[in-house]
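Please look through the structure shown here and work through the questions that follow, taking each answer step by step.

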Amino acid sequence: MRWLRWMMALVALWCVLAPAAAWAQNAPPFPSAYDGTVSSMPRGAGMYLSWIKIAVVWLVMLWWVSTTNWVNIDCQRHRLSYVLWNPLVVFPFFVAFIGAFYIPYFAGGLALLIFAQITPLLAYVFYRNARVEPHQKVLTSDHLRFVAAERLRPLGIKINAERKRSDQLGAPITLVAHGGATPADDNARYFNARNAPGFGPAKELVWDAISRRAESMMLDFTAQAMTIRMLIDGVWHNGDSRDRESGDAMLAVIKTLAALNPQERRARQQGKFIVQHEKLKYSCAVVSQGTQTGERVLAQFDDGSARFKKLPDLGMRDKLVEQVRELLAQPKGILIFCAPPRGGLSALVTAALGSSDRFTRSFMAVEESSKKEQTTENVPVHEYTSAKGETPLTVLPKIARLYPDVLVVRELVNGEVVDFLCDQVEENRLVIGSVRAKEANEALLRVLMLKGSKEKFAQAAIAVVNQRLIRKLCETCKEGYPPPAQVLQQLRIPAGKVEMFYRPPQQPEQVCPDCGGIGYLGRTAIFEVLVLNDAIRQVLAKTPKLDLLRQESRKQGMRGLQEEGILLVARGVTSLQELMRVLKE
């Protein structure tokens, strides 16, 4: 409809200026007598048009264009019938504009124009005010006071007004465009997004995810709807579905803020925008990709804070903390940290570094430039770029010549890197590395799969620390129940030692305000620490098989994830059902 209004504006401009052609020929626009011949057309003194009156009509017309554009956008924002209201605000003025030239009195024609504009506009205002929230109503006393305050504030005149701008309404967050070529480009994208119909709903969607502590949000588009899922404490939860039209409007806003192309629905795109809430700032990374049914969009939220600065912050027991600290204090060897995908491996390594002695020993870390980790004090970072064909070996030889006491290589990418690090152990250096694995024994095999020397690694490795994240029960709504004797027997808990297990409420009377009805709030971790002995090293070097490694680790008395998890269940930190879910993963 916007193109139609601008076309009408041009037509209206032509209707106003067309009589000027007659003035240019020094002829009146409406001759009093004409016998049909050119020579008999009367000539006058000219100047029959009043440019002041033309300017007044032109300003009224611009006002009409502005108000009709607002009606069109406002209808779509509040899901009103723009198919009905666009014609109602466009055509009465268009007809009145033409009819005004046939009224011999300028004041009468101008009054007709204003009446044709104001009447349908006021009708729409009354219609929409009856269907929106009180703070969204317009032309009320509060709204007029707010508008006056906004206009007079630059002049130093202050008026108390509670009403906020359209982008300040609704959810208590601020969306900031990011990723443009220049700050001016980001500002332009923000204003485009703010004026879009889906801006308000998009704010509500993002706020819903942040207020529910979602780490990620998945939007799946089909031909009819947009489904929403949120990753909360490592578990996906379904959200309320939206119709395709409103979903497309929200996605257009998100893509605009993230400097993506809203019209591209098939090719892979990635970008990010910023979300501000009070003193917190979230970076929202957006990845979109076409699918067979439509499109999938993943939004990941990161507030940039390191919640787990030391090992106790992850929930590690004091005895295990002391054991890991002793391993971190070893003068040489390879110490491996592992966790499953999305299992908090980065947080584990960061917490381990935070618990180490970085003041009497020199640390140096190697990271891929596109996978930057949380910085740790006194651990300088050297980067390499995989896109340029670089590996950790691109920078490791140079770092080694600086004689650090500890080398941190979070990503062991190939056997050459592992062999180089094994050689560094012979130079009396401690090496900290990490791999993705579900258990400590598997992590050793994962390193061997990189095709390095088995014998070198078996001699250099000293221990593996494995982590598995597990949800904590909400302290506000968790409910206790006496554990069945058979369950206690299966868990090898002596009868009478634990009187109560806990679980999420089975039939809650109302939604818990703290966890939002999930029953879990936050996560902790369970750990296993495998210290290599000669028997395990022999298995690694000669017959590296998972069952043999498990057998040897049990012989040396390593406590597994199940035993650590049962302790949390017995203490009421988590539920037995949650422990079973985590162990199955």
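Q: Among contacts in the protein chain between residues at least 6 apart in sequence, what percentage join residues at least 24 apart?
A: This is a predicted model, and a contact here means heavy atoms within 4.5 Å. When the contacts between residues at least 6 apart in sequence are taken, the share that joins residues at least 24 apart is 63%.

Q: Which residues have the most contacts inside the largest nonpolar core?
A: The largest nonpolar core has 40 residues, and apart from it lies another core of 39 residues, which includes Leu205 and Ile518. Phe457, for instance, is in contact with residues including Ile334, Val418, Leu444 and Leu540, when its neighbours within four places in sequence are left aside. Inside the largest core, the residues with the most contacts are Ile336, Leu421, Phe457 and Val464.

Q: Why do the buried residues of helix H18 lie on the same side of H18?
A: Helix H18 covers residues 546-555, and its buried residues are Leu549, Glu552 and Ser553. They lie on the same side of H18 because the arc that they cover around the axis is only 100°.

Q: Which elements do the buried residues of H18 pack against, and which exposed residues does the face turned away carry?
A: On the buried side, the residues of H18 pack against helix H14 (440-448), strand E17 (520-531) and helix H17 (534-542). The face of H18 turned away from that buried side carries exposed residues, namely Arg554 and Lys555.

Methods: Residues numbered from 1 in each chain as written. Predicted model: local features only at pLDDT ≥ 70, side-chain atom pairs only at ≥ 80, totals over all residues. Heavy atoms only, no water. Buried < 20%, exposed > 50% of the residue type's maximum accessible area, 1.4 Å probe, protein only. Helix = DSSP H or I, 4+ residues; strand = E, 2+ residues; numbered from the N terminus. Arc of directions from axis to C-beta. Core = buried A, V, L, I, M, F, W, Y, C linked by side-chain atoms within 4.5 Å.
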